[in-house]
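Student: Can we walk through some ring contacts in this one? I'd like the cut-offs spelled out as we go.

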Amino acid sequence: MAELPFPSTPTFAAAGGSDAVARFHDSYAQQQRRKRRLDLLFLLGFALCLALSAVIGEFDPVKIWNGLPRLHEFIVKILPVLRWESLGADLAEWFLPVKLWLKLLLETVLIAFLATVFGVCGAFLLSFPASRNLMRNKAILFASRRTLEIARTVPELVYALIFVFCFGIGPLAGVLAIAVHTMGALGKLYSEVNENADMKPVEGLRAAGANWAQMVRYALVPQVLPNHVSYTLLRFEINVRSSSIIGFVGAGGLGQEIRTAISFQYYTDISALFLIILVTVAGIDLICERIRHRFIGEEKLKA
């Protein structure tokens, strides 16, 4: 059987290969030029935003340099005088109202705990309809995401002022203020975790005839629960710090004493209160870390 003639490889390569290589190099050069222009525009935009921020924020190196001595003066004022020969008496004088402070500290921690519980419940329920991979109804998706945005956009102090006006001075206003902001912040994090989950189990349950709630309960929640717990513990640490601040507007907690100390210039009381908050937050951080590691599992952490 006779073989059919076929064009030689060098002739074929010379005819079409050089044109393809040239087109490839031209396209690559155009993409590189486009990328350099975009990088240059990004750098110019970043420099412009940085300059505007420095102007609006009054970032003046001379002003900062002149203000550093006053910072040192303030630190010296809030530090107590401790003498080795009378250390016990000096410490007792430094923490003289410690019983009142510990009572308010307990109130602060409980405010943060209750607010975290309420906020987690709202965030958990709204995170699933706010996830694009789970909610196909655009109206419900839009409403859920906007609700979470409003909840986390308004500062906690503003919420505290609103609830103090509605319910009066006390811990209730602090609980509600932190709970609303927690719901918005955690709802955003929860929904992002949900959107990064593996959808194969969800599709399997959908093919088997499961409804939306069953798919979320049995296919998605087991995947995302460890990350939800991790974010929840982190938020609890943040809420302890927040609950010590909202007392400035009468929402209960240790913030009332901090405001009093600052207003009447009880400088040593300021340092004592800051030290109490620091030790409390550090202790809660260690406890939350142990809980998080125990829940997630040391094997996954090592992996």
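**Rings and charges**

Tutor: R217 lies over the face of Y218, at 4.9 Å from the ring centre. That label needs NZ of Lys or CZ of Arg within 6 Å of the ring centre and within 35 degrees of the ring normal. Keep in mind that this is a predicted model, where local features need pLDDT of at least 70, side-chain atom pairs count only at pLDDT 80 or more, and totals for chains, interfaces and linings use all residues. Residues are numbered from 1 along each chain as its sequence is written, and side-chain values use heavy atoms, with hydrogens and water left out.

Student: Which ring does the charged end of R146 sit over?

Tutor: Here the distance to the ring centre is 4.9 Å. The ring under R146 belongs to F142.

Student: Why is the pair of F74 and Y267 edge-to-face?

Tutor: Rings of Phe, Tyr and Trp (its six-membered ring) pair if their centres lie within 6.5 Å; planes under 30 degrees apart count as stacked, over 60 as edge-to-face and the rest as tilted. The F74 and Y267 centres are 6.2 Å apart. The pair is edge-to-face because its planes are at 80°.

Student: Is F236 buried or exposed?

Tutor: Buried means under 20% relative accessible area, exposed over 50%, partly exposed in between (1.4 Å probe, protein chains only). F236 has a relative accessible area of 15%, so F236 is buried.

Student: Which residues form one aromatic cluster?

Tutor: A search of the whole structure turns up nine aromatic pairs. The cluster is made of W94, F95 and W101.
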